[in-house]
Amino acid sequence: MPRIRQNAEKDALKDLLGEINAQSARYGYRSQEALGTALGVCQATAGNYLKRPETIRLSALRAMVKVLRLDPVVMLRALG
């Protein structure tokens, strides 16, 4: 059954967060500190991105794409 439109944005962000977590583990960024260092932000900022993916800045999103090699389909859905 297809997702209803009302929850589409929320589900897209949830999928993006799942992709970030999966790729972080795959490439060995097991802590927020390691991920933050790879992205060029502090540990607290990386933690905020993981708690609230809607607050990710474009520069950090670009860094995530380079470092984590995120799935383009998931990225495009999350961007709207």
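1. Glutamine 23 touches Leu68, Arg69 and Leu70, leaving out residues up to four places away in sequence; contact here means heavy atoms within 4.5 Å. The model is predicted: local features need pLDDT of at least 70, side-chain atom pairs count only at pLDDT 80 or more, and totals for chains, interfaces and linings use all residues. Residues are numbered from 1 along each chain as its sequence is written, and side-chain values use heavy atoms, with hydrogens and water left out.

2. Glutamine 23 sits in helix H1. Helices are DSSP runs (H or I, at least four residues), numbered from the N terminus. Is glutamine 23 buried or exposed? Glutamine 23 is buried, with a relative accessible area of 10%. The cut-offs are under 20% for buried and over 50% for exposed, with partly exposed in between (1.4 Å probe, protein chains only). A polar atom of the glutamine 23 side chain lies 3.0 Å from the backbone oxygen of leucine 68.

3. Arginine 69 belongs to the loop between helix H4 (58-68) and H5. Its phi is near 50 degrees, a positive value in a residue other than glycine. Arginine 69 counts as exposed, at 53% relative accessibility.

4. Next, the pairing of H1 with H5. The axes of H1 (residues 8-26) and H5 (residues 72-79) come within 8 Å and cross at roughly 145 degrees. Axes are lines fitted to C-alpha atoms, for helices over the stretch in contact; angles run from 0 to 180 degrees between N-to-C directions. On the H1 side, Ala12, Leu13, Asp15, Leu16 and Glu19 take part; on the H5 side, Val74, Met75, Arg77 and Ala78. These contact residues divide into six nonpolar, no polar and three charged.

5. Helix H2 has a buried side. Leu35, Gly36 and Leu39 are buried in H2. They lie on the same side of H2 because they cover an arc of only 100 degrees around the axis, the arc being that of the directions from the helix axis to the C-beta atoms. H1, helix H3 (43-51) and H4 are among the elements covering these residues. Glu33 and Thr37 are exposed on the face turned away from the buried side. Glycine 40 follows H2, with a positive phi near 85 degrees.

6. Alanine 38 lies in H2 (residues 32-39). Alanine 38 is partly exposed, at 26% relative accessible area. Leaving aside neighbours within four places in sequence, alanine 38 is in contact with Tyr29 and Val67. The C-alpha atoms of alanine 38 and glycine 18 are separated by 18 Å, at 20 residues apart along the chain.

Conventions:
Helices (H or I, at least four residues) and strands (E, at least two) are DSSP runs, numbered from the N terminus. Ala, Val, Leu, Ile, Met, Phe, Trp, Tyr, Cys and Pro count as nonpolar, Asp, Glu, Lys and Arg as charged, and the others, Gly among them, as polar. A polar contact is a pair of N or O atoms within 3.5 Å; within protein, one must be able to donate a hydrogen and the other to accept it, and residues adjacent in sequence count only if both atoms are side-chain atoms.
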